[in-house]
Structure formats: structure tokens, C-alpha cells
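Colleague: Please take a close look at one part, the aromatic contacts, and follow it with the sheet for comparison. Give the cut-offs as you go.

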Amino acid sequence: MHLNSDLIFRNLPEGIFMLDKAGRITTCNAAASAITGYEDTEIETKPFYTIGDGQDDPIKYRHELALVQKKKRLVVEGWKLRKDSTRYWAETSYSAVFDESERLTGYCVLLRDITEQKKKQLDLLESEERYRLMVEAIRDYSIFMLDPDGYVVTWNDGGTFIHGYTESEILGKHFSVFYPSADLLEDKPKKKLQIARDSGSYREEGWRVKKDGSLFWASVVLTALFNDRNQLVGYSKVTRDLTQRLKDEEFLRQSEARYRSLVEQVGDYGIFMLDTKGRIVSWNEGARRIKGYSADEVIGKYFSIFYPEEDILNGKPAWELKIARSTGKYEEEGWRLRKDGTRFWANIVITATYDAEGRLSGFSKVTRDLTERKMSEQALQDSSDKYRQLAEELSVTNSELSSVNRELEQFTAIVSHDLKEPLRTVRSFLQLMDRHLDQQRFDLMKPSIGKGILAAQRMHDLIDNLLHYSQISKIGLQRQKLKVGDVIGEAIQNLNDAVEQSGAQIRVNSDVPFIYGDRVQLVQLFQNLLANALKFTNGSKPEVVVKSWMENGSVRFVVEDNGIGISPDNLEKIFEIFRRLHFANQYAGNGVGLAVCKKVVERHRGKIWAESVPGSGASFHIVLPKI
């Protein structure tokens, strides 16, 4: 089951990252590497935001993780950078992962490259934008669109009724045909377009000309239309009769109501009003100080000019107005842009305002600059994380030191005993030789000398093994991605002579393709285990099986043999240095091999143990972390 889950994870077509509860990457699948250009080893243990848009924004990232914990799931879109610095539009889906006790254990992140989809969406929105903005600007009767140069591009029945032109007669004509000759001499049409472009809209009352040459008194609203990138796409023009003069008084009353509502909503700093379409209609000193725009520069502009590019492409400004309109108020924190392009972390409150009849009249917007406070919070969080990590490291170090002390006590006791044994032998034979000299029994000295030399050689071998054992902990661990088959194959190749002499059969059944670790030490681990399997036999041909599989996120290895087995009392003792269960004339060796195996496994943060029934072979079990 674990193998199938791992294969499914690795081969899913969607990019998937697994994060720990601090938001650091623990693993990712092949699709994620293909999208980002990073191999899993390059980004492991790094915060997920480091593969974002290149700005390394921990504040926004922590804000997103907090939302995931609260809502269980969060989907965001935005630009990201691949390893080769090319941009792509990404849809990032965060999901919180909890254990059986409902405690947060980490996050699962689904990453999709939707650049082409986003491009098609933007193309469609742009084609519909003109018509949508024109329809939303409806006031009364005659409604039509002009291109940026003032030529009529759409027409409606109201235009035919008021102006007298049919659609086929007016399309493509310049809108100056509606102006009296006196206005044309003053170049008034061109000037009004300029005013609307600069201020966002132009309103006036005045004489206009119908197709038949007759004049009528008109209220005209000329509105400049901008896309989300604040680029001029044309104008909407609304013309109506002024038979109901009371509408002027209503307009004044609505203006007073908007102002009163604005005053009531004041909390801090930047305060301004938007019309129903999101265009700025008022500006205060606090807004000028925070955002850097003067009133002349900003009034009439769509309020999306304060938003980062990603928010604009995601349609966030319009979405915020939609929420404020449906619920009465919208509030959030996020990045906003000043006039000079710098960012600040803002608290935003948008409140819908209504007239006496309950109709939407616009929005009030209050902005507070929280950058300094957020930076202080981030610094405090970083400091807390640093000290927490230091405490964890100290705890691990203390545990390791305690383990080392226990091991050192055991090591000292065993080593002192084993080193004294050949030393006692040498001393004994030297004393015997001394007596032979006194007795002038020279013929008996040679056997004593030979046995003394053997004892000295034994001591020499013990010291060499001690040095080898101690070097395992001193040499730095060279962790790398290794093929399991290559590691075991190299260990078997090193034992080629012993395998041929014993006629052994060694089978390898591995379901795990790769593991991370030190190649030299892992080869030595399997070489020692295989060498013991070849040595401790009861005369029959050795049969050895090496198996591996994934188990609870770790790699499980088992080395089984058909040898003499190990008694239950000795299953733990065999991993002690110089611990030998048989006389040297039965099975050669010095009791260091399995101690080395244990040391290698522990350096790789793993576990090793033995299982056996005497006379029925033994199996050595190793559990190592996958990464």
C-alpha cells in the first residue's frame, strides 16, 4: 500500500509539494519539478515562498498559511519564477494536513501552470470589458460608445429616438456631429474628450443638434473607460432630457449623504470615496501621505492603481466591490502600491453607501499603513523561530551527548577488557622466557616467543579496529542520492572471492529505487552484514536474501541468511564492539563488524536490530529515512 501511494504521488500529473507545519518543503513529485525547474533535493527544507515570484515575501506567506489553518483550504493565483527565471501564472491550492488528534502536521500544496488558461481568460475579459462598462454606465435613454478618438462604435434605440440617426447612419461618424456650430468653432468636442480622459468623466448641460438640425437641451455624461491596467479603451456617452429638474437636487442630496457616511467611517489615515464603478471621486491628506498621489493626479482614476499586478489580473478590485455591495462592508489586509511603486502592508475597509431609496451610490474606502507594525511582528516571529530552533538543536545535542556518554562507558569497559587480554598473554610469555633464560632452557624459548608475537599481533589488530570504529563518527557524512541496487551490488562485488569460495547464493529483491546517504558507509554496512552471512554457516552453502520496501515514510531493509542463527540472549549483545560469541578457531573475526553496522545506521538516523531462531538462520532489520 505504501509503495502504491508513493508511486501515485510521484507520477501524478499535477505538481504536489508536501510542507511541514512551519511551511518548509519536505518533498515534491516529478510534476512539481517539471513546472518549477527545481529538483526535489534543491528545494527541500526551504520555505515554499522561495519558489514564488522572486520577492521572498515571508509576511504574505505566513498570512496565507494562517488563512489555510483557519479555512482548511486556500487557492491563490499569481506570477511565479521557474529556476531559469521565466515567469508562469500559477494556481496554488493549499490544504492543511491534520493527524488523528486534529493537530496540524503540515500542508499539501497543489501547483498548476495555468498561463495559457489565464491568457485566454484575459483576452475574453478584454473583449467583453467595453460592452460591460458601457452597459453599467447607463443613466437614461441615449447610450453609446466612442473609440479613443471620438468615433461612434455602438448605438442603441435611445440614440435613434433622441438624435434621429439610425445605427447604419451614425456608426463610424465623429461624435462632433451632435454639437452646434459655435461649439465646433471652439473645438469643444476635442476639449471635452481631453477633460474626460484626464479626470475620468465629464458632465455638462447644453444645446445639442439632432439629425434634422433641431436643437435640444441635454444632460451629457462623458466617461473615460480604462481597463485593469489603467489604459484608455474608449468612452461611454449618456444623453438625457432635463425635464425633471428635481434630479439635480437629488444629486446634491446624494453627495451630502456620501460625505456624511465617509465621516462616520473614518478610522485612520487614507480616506476617500469611490463611485459605483470604483472610480475615485474624493481624496484626503491622509491618502496623499500614504499613497503619494495628489488629488489632481488620482480623482477619476479606477482604484485598481493601488493594487499589485497579480491582484489586478485576478480581478481582485472588482471582487472587493462586489463583496462590499453584497454584505455592506469588505475588510482585509494585504500589499498595496504607492505612487513611486513601493509596497506597503495595508488594512483596508470598503463600505457600500446608499441613497434614501436604498440604491447604491458608491463606496467609502479607509486605508491604514501597517507596514511598520507587520515588520516588527515579523522580526519578533523570526527571533522566536530562531530561538525555538536553537532550543531544538540543544535538545538534540543533549540527547546525543547522553547517548555518547552511555556508549563511552560501555565502550571503555569492553575495550579495557579486550586490550588487557593480549597484554596479559605477552606478559605471561615474557615471564616464562625469563625463567627459561635463568634455567638456560633455550630450546623452550622459541615457542614462547612465537606465542608472544601472536598475542602482540592480536593487540595490534584490536587497536586497528578501534581506530577504524572511531573514524566512522569523525568523518563527515557525504549524503547523496544513491541507487539501492548500486550500493548492494558494490558490497557483493567486494566480497566476490568469499562468495565464489563458499558457493553462496545471494538474491536481491528491492522495491525502493533510491535512498539518500553516505555511499562508502552504506556499502560497508551491507558488506559487513553479507560477510557475516557467508561466515557463520553450519557447513551448507550460504543462501542470503536482501529485501527492501517503503514503510511509514522510511526504507526498510532485511538481510536474511540460513546460517547458525543467534540465541535470544545475544541479539542485542552482538552489536557491542569486540563482542564475540564463538572461539576464534571456530569462526575468525574480532567482534567489530556489527558494531560498525550499528554506528553507520545511527549516523544515518536509523535503527538496526536482529531476529533469529538458533539453527534456523538470522535476519538483520534496518530502517533508514528516505531523505
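**Aromatic rings and an open sheet**

Modeller: Trp89 has a relative accessible area of 0% and therefore counts as buried (under 20%; exposed is over 50%, partly exposed in between; 1.4 Å probe, protein chains only). The model is predicted, so local features need pLDDT of at least 70 and side-chain atom pairs pLDDT 80 or more, while totals for chains, interfaces and linings use all residues. Residues are numbered from 1 along each chain as its sequence is written, and side-chain values use heavy atoms, with hydrogens and water left out.

Trp79 is buried as well, at 18% relative accessibility. The structure holds 21 aromatic pairs (ring centres of Phe, Tyr or Trp, the latter by its six-membered ring, within 6.5 Å; planes under 30 degrees apart are stacked, over 60 edge-to-face, the rest tilted). One of them is Trp79 with Trp89, edge-to-face at 5.2 Å centre to centre and 90° between the planes. Trp79 belongs to strand 3 (residues 73–81) and Trp89 to strand 4 (residues 87–98), so the pair ties together parts 10 residues apart in sequence. Strands are DSSP E runs of at least two residues and helices H or I runs of at least four, numbered from the N terminus.

The ring of Trp79 also has the charged end of Arg87 over it, 3.9 Å from its centre (NZ of Lys or CZ of Arg within 6 Å of the ring centre and within 35 degrees of the ring normal). Lys291 has its charged end over the ring of Phe306, 4.2 Å from the centre. One aromatic cluster consists of Phe17, Phe48, Tyr49, Tyr61 and Tyr94.

As for the sheet, 5 strands form an open one in the order 15-17-18-20-19, with mixed pairing (two strands pair if DSSP finds at least two bridges between them). Its edges are strand 15 (505–510) and strand 19 (607–612), each pairing on one side only. Strand 15 runs parallel to strand 17 (residues 543–551) over 6 bridges, and Arg507 stands opposite Val545 of strand 17. The covered face of strand 19 carries Ile608, Ala610 and Ser612, the uncovered one Lys607, Trp609 and Glu611.
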